[in-house]
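Let's take a walk through this model, stopping at a few spots along the way. Keep the 3D view open as you read.

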Amino acid sequence: MKLLVSHILILFLCVNALAQQKTSLNTIDSLKKNVLFNKTNDSLSIAKVHFSIAQLYRFNFLGDSAYYHYLKSEKIFKKLENDFELAQTLYGIAVVQKNEKDFTGSEVTSIEALSLLDNLKQTNDVKRSKSYIYNNLGLLFGELGQFEESISYHKTAIKIKEEYDSLNSYNINVSKNNLALSYKKSKDYKLAIKYYDEILSDKNLIKTRPDFYALVLDNYAHTLYLSNSIKKLPQLYLKALRITDSINPNGGYNSIIINQHLAQFYFDRKNIDSAMYYAYKAKNIAELYHNDEYLTSLLLLSKIEEGEKAVEHLNAYVQLSDSLQKAERSIRNKFARIRFETKQIEQENIRIAKERMWLLIISVVIVLASFLLYLVITQRNKNKELQFIQKQQETNEEIYNLMLSQNESIEEARTLEKKRISEELHDGVLGRLFGTRLSLDSLNMNNTTEAIKTRSQYIDELKTIEEDIRKVSHELNTDFVSGSGFVDIIKTLLETQTLAYGLSYELDHDDDINWDSVTNKKKIHIYRIIQENLHNIYKHANAKHVKISFKLKNNVICLTIEDDGSGFDVNKAKSGIGLKNMNSRIKEINGTLVINSEKDIGTKVTIEAPLP
């Protein structure tokens, strides 16, 4: 609601100020406060406020201030891609440039505005804006003395106005007056008078727009003067002056021009007093309002006056002319500098945007590359781990097959031993029992001393056979390979490895360990741990003897491996792949690993693995 009220206030101030073609500082201050009030996301409103302030400055001939606010609104309209409002803003800039004698800049800005409007739907508002721009081009080419181009642009403006506003004679007559002015400057007085006559033929014009009527009437009178048709002069001049003074008693631009024309007319007629009167009157008014016309008044007085007065006015004219030329150059340079700085800012913003975009792209690429590198490394490690596990499984399978082979050998030995005992019982013990039984049977009924002695001998023989049977029975009851299969495998490993490494060994094992109850997985890991330790002893310890023992303590298998090698500092030793493998295997069997070592004494590795 506050925003809407603000917009209504802005429009009211603009309409009121534009209607009077002048505004107070309070009015402009009010608009500036509305710029601050609208510092919201409503960029369009801010741009329109800047445009309104620029319009007020322009109509009060404050070109640099108008130019500043036009550029502010231009930047926002361009960002919003609002081509219609942007074209209107560019038209305002072109007018300011023309007023400040930057004709080249005004032409370029006008063409840019027309290009924008040509790409829009040709509504009445668009046509109206185009007619104003063509009118501005006509005026600036008239100032440059290129009257053919000036006339062409004015005619185009009239044609467009007739398309969208044919009933508004005043709007069309403004362009006709400018067209007639170009004809007058090109000394085609006949055509100029023709268009002035068309405008003045409107009997209601003096009532509806007396200021414009006075302007046209003065231009008409001056054209008659230039064409040496002076019958209606100076009456037309005086009539135009009366109308102008009645509208603005303090004088204005029209009043300056008319007084100058009267002064020139009377000077040509040698009426010096009247010429001097009107020339001074024009000078005094121009001094308050318009530098260019003040300059013209000074030059006119230098011609009318004589002696020192003429020289004084001529010197003032030269000084003011130089000052105005410097001011015009300064303003043009200022406009160019503002444009250049604005372009620089825009280019800098584009550069920063590009840098940010590339920074974002590079950051994304780095993140993606890092992520891909992480995936590659992770996958490679997983592959290595899988290869290690696969190799470990293959090794375990080899050990398992070796254990199976050893068990087969043990079973074969067991079978052979049983066969041997069976043969011994059958061929030895049973034969002797049979012979003794027959002998006793033959002596059973004989009670002689010799028979008794012989029976005693046979009874002793039976005792001997009893002992032999007990011995065989004990051997049968004690399986010579029971529980010792894994120990034999370890013994085979030790014999093979120590022979290859040039070591002597000692194996001490506890018969209380029931290796049949130990899982193959655990036995395989124990086997590999012993194998790895033997390899490390050979590679690093320079040992001569190694001792390995198995003990059973509180249902925990305790394996110790001792060597008489060089030893090492456990705290400073690097954790190689061998030690990592041992730790991995210990973890697999839920065991523990302790390494104690002293330099020049040897190393003791203790491993504890629970039976379950």
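Lys98 sits in helix α5, which covers residues 83-99. Helices here are DSSP runs (H or I, at least four residues) numbered from the N terminus. This is a predicted model, where local features need pLDDT of at least 70, side-chain atom pairs count only at pLDDT 80 or more, and totals for chains, interfaces and linings use all residues. Residues are numbered from 1 along each chain as its sequence is written, and side-chain values use heavy atoms, with hydrogens and water left out.

Is Lys98 buried or exposed? Lys98 is buried, meaning under 20% relative accessible area with a 1.4 Å probe, protein chains only. Leaving out residues up to four places away in sequence, Lys98 touches Phe103, Ser106, Asn136, Leu139 and Leu140; contact means heavy atoms within 4.5 Å.

Finally, look at helix α14 (residues 253-268), where 12 of the 16 residues are buried. Among them are Asn254, Ile257, His261 and Tyr266. Just after α14, Lys270 takes a positive phi of about 65°.

Note on methods. Helices (H or I, at least four residues) and strands (E, at least two) are DSSP runs, numbered from the N terminus. Buried means under 20% relative accessible area, exposed over 50%, partly exposed in between (1.4 Å probe, protein chains only). Lys and Arg count as positive and Asp and Glu as negative; His and the chain ends are not counted. A salt bridge is a side-chain nitrogen of Lys or Arg within 4 Å of a carboxyl oxygen of Asp or Glu.
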